Amino acid sequence: MITLSEFIIDRQADFPYASGDLSRLLQDIGIAAKIVNQQVNKAGLGDILGAEGTTNVQGEAQQKLDVYADEVFINSFLRGGEVCGIGSEENDEYVAFDRPLSKKGKYVVLFDPLDGSSNIDVNVSIGTIFSIFRRTSSIGDTANINDFLQKGDEQVAAGYVIYGSSTMLVYTTGHGVNGFTLEPSIGEFCLSHPNMNIPEDGKVYSINEGHLNSTSKGVQAYVEYCKKADASTNRPYSARYIGSLVADFHRNLIKGGIYIYPSTKSAPNGKLRLLYECSPLAYLVEQAGGIASDGKQRVMDINPSELHERVPLYIGSKNMVEKALAMLEEHDAPEKEVEKAK
Ligand code: P6P
């Protein structure tokens, strides 16, 4: 049984110039995840349920567990010293740490402390998503916005924690994807899913069909394609939509599938945030052999312009995402829009 800490140290050799800072940062994330897991596991018991009575920058009611998870991860990064600043769904602005030790930190972390938090009160799996960049500002200076507005290709590590029937931490540092399951009896994440690869095909499509009438013709055509019987292409697919991105992504990573959060009339850029949801999951899925697109371009190619920027997301099995993108191209091409305008 290999623990997360042992694995991280072993893999440090993948980076000849590694000083151990990234290794320590990844271990800090593992510790924070165990602390959050403690509370998630008993959310129904304490008074930690229910909204904190505040709203985040997205205007979404903040659940107490959201705020708690945000604080746990921030404190872990502050204590570790490897991080000079953070961006989080629960904080309107980025936070530049002003401790002298933190100003020497080489990395910034963007994270969604508890994605899918509306599911907390109904006991559905939720997750933490994180993305790690090397800072672009000088070591010793105070972090600035440019440290955070980096495109996905610049990530040095990315991953998620899923608090589900078991608690898992899945991450990549650019050398494949590995999954660790929390062994409660020893309080350690143990390697359970080495070298994860997403099947090129799957039988599951994940999209909120309640929004379908406000999506493009291409999205509607792809969903109809998913439902049409054709044994030669494994269809009809099964619809699975948990309302928790990490849970839908994790299932599709293991079994194959596609997750779509498209542009809609009310949300032209979709709902999901580029920097701490789409970009880290795009890094993971590409490392696992899959594809992540905003419908027009590779998610990892997008140059962010603001911290909480939203983008549409098509992510999962290579052949399924390629088919979806082809149907967007066929039905939503700009010249089609010109025809409509006539
Ligand atoms: P909708 C949760 O709020 C989240 O960010 C993702 O975890 C989830 O997949 C999606 O939004 C659900 O959004 O609009 O379908 O309820």
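Which helix does Asn-252 lie in? A few notes on this predicted model, starting there.

1. Asn-252 belongs to helix H6, which runs over residues 245-255. With a relative accessibility of 2%, Asn-252 counts as buried, because the cut-off is under 20%. Setting aside neighbours within four places in sequence, Asn-252 is in contact with Ile-198, Pro-199, Val-204, Ser-206, Gly-257, Ile-258 and Tyr-259.

2. Ser-317 is worth a look next. You'll find Ser-317 in the loop between E15 and H8. Ser-317 is buried too, at 0% relative accessible area. If you skip residues up to four places away in sequence, Ser-317 touches Ile-198, Pro-199, Glu-200, Asp-201, Gly-202, Gly-256 and Gly-257. Ile-198, Pro-199 and Gly-257 also turn up among the contacts of Asn-252.

3. On to helix H8, residues 318-332.

4. Which residues of H8 are buried? They are Met-320, Val-321, Ala-324, Met-327 and Leu-328. These cover an arc of only 125 degrees around the axis, so they sit on the same side of H8.

5. Now the ligand. It is surrounded by 14 residues, and the closest are Asp-115, Tyr-241, Leu-245, Tyr-259 and Tyr-261. For Asp-115, a side-chain N or O atom is 2.6 Å from an oxygen atom of the ligand. For Tyr-259, the distance from a polar side-chain atom to a ligand oxygen is 2.7 Å, and for Lys-271 it is 3.0 Å. Of the 400 Å² of accessible area that the ligand has on its own, the protein covers 83%. Note that Tyr-259 is also one of the contacts of Asn-252.

6. Last, Gly-20. Its place is in the loop between helix H1 (4-11) and helix H2 (21-40). Gly-20 is buried, with 6% relative accessible area. Between the C-alpha atoms of Gly-20 and Leu-245 there are 31 Å, and the two residues are 225 residues apart along the chain. Leu-245 is one of the closest residues to the ligand.

Key:
Residues are numbered from 1 along each chain as its sequence is written. This is a predicted model: local features need pLDDT of at least 70, side-chain atom pairs count only at pLDDT 80 or more; totals for chains, interfaces and linings use all residues. Side-chain values use heavy atoms; hydrogens and water are left out. Buried means under 20% relative accessible area, exposed over 50%, partly exposed in between (1.4 Å probe, protein chains only). Helices (H or I, at least four residues) and strands (E, at least two) are DSSP runs, numbered from the N terminus. The arc is that of the directions from the helix axis to the C-beta atoms. A residue is near a molecule or strand if one of its heavy atoms lies within 4 Å of it. A polar contact is a pair of N or O atoms within 3.5 Å; within protein, one must be able to donate a hydrogen and the other to accept it, and residues adjacent in sequence count only if both atoms are side-chain atoms. Accessible areas come from the Shrake-Rupley method with a 1.4 Å probe; for residues, only the protein chains shown count as cover. Contact means heavy atoms within 4.5 Å.
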